[in-house]
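Me: I'd like a close look at a single part of this model. Here it is.

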Amino acid sequence: MNDAPKQELLDILLAKSIRTGHFVLASGKESDLYCDCRVTALDARGANLIGQVGWELVKKDILAQFPNVSSIGGMTMGADPISLAIGMYSSLDQTCGTTLNVFTVRKEAKDHGRGKRIEGNFESGQEIIVVDDVITTGGSTLKAIDAIEAEGGKVVAALVLVDREEGGREAIEARDIPVFPLFTRQSIFGSR
Ligand SMILES: O=P(O)(O)OC[C@H]1O[C@H](OP(=O)(O)OP(=O)(O)O)[C@H](O)[C@@H]1O
Ligand SMILES: O=C(O)c1cc(=O)[nH]c(=O)[nH]1
């Protein structure tokens, strides 16, 4: 694939998602930078590009190493549109032979209905790509990994839209799960 779709996705991220100001993060840390990835991932064109660029990354870097991967999902809600976009692209690809099952992990198990923590297309024993929109400390991705493993999934890789390069990658890789970012802070901002 040429670089044009990734460049267009970066342009949308820069225009719609990157914000400066004062922000309290999920970890309690404070930051003058925030990447509101939901605005890009819930943009019709942004979602399409995430699907295209993300699926190419899955094929080239993840399936090549883990050919039995069958499913993709992560902690709601940041992961949801990203997982679905990549899953949809996998279903359109006639050349690959893998159509990803897509699921989502609730922050808490549902207290009615089927009482599930993991919703959608997930079964124990599957090899999984865990998704997050952003990693800062990696804490949210690790919670998703714990929930998936508790139900018998084997997480083999983590795919993230933006790695803020603040320790999250190291925390996830300490669990022997390689991290594949579409963008890093460095690739977005250079040395800023
Ligand atoms: O690497 P971390 O330090 O965990 O930070 C990153 C997490 O923070 C945000 O989630 P948030 O809890 O704000 O939830 P949301 O996706 O439901 O908005 C984001 O979607 C990541 O999941
Ligand atoms: O660490 C976080 O909570 C966080 C950082 C960021 O840039 N974007 C986001 O949605 N969450």
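In what order do the six strands of the open sheet run, and what is the pairing like?

Reply: Quick housekeeping: this is a predicted model, where local features need pLDDT of at least 70, side-chain atom pairs count only at pLDDT 80 or more, and totals for chains, interfaces and linings use all residues. Residues are numbered from 1 along each chain as its sequence is written, while chains are lettered from A and ligands numbered from 1 in the order in which they are written.

Now the sheet. The order is 5-4-3-6-7-8, and the pairing is mixed. Strands here are DSSP runs of E with at least two residues, helices are runs of H or I with at least four, both numbered from the N terminus; two strands pair if DSSP finds at least two bridges between them. At the edges, pairing on one side only, sit strand 5 (118-120) and strand 8 (179-184). On average, neighbouring strands are turned by 25 degrees against each other, direction ignored. Axes are lines fitted to C-alpha atoms (for helices, over the stretch in contact), with angles from 0 to 180 degrees between N-to-C directions.

Strand 8 pairs with strand 7 (residues 154-163) in the parallel sense, over five bridges. Look for Leu159, which stands opposite Phe180 in strand 8. Packed on the sheet is helix 3 (residues 44-63), which touches strand 3 (69-75), strand 6, strand 7 and strand 8. Contact means C-beta atoms, placed from the backbone, within 7 Å. The direction of helix 3 makes about 145 degrees with that of strand 8.

Technical notes: Two residues are in contact if their C-beta atoms, placed from the backbone, lie within 7 Å.
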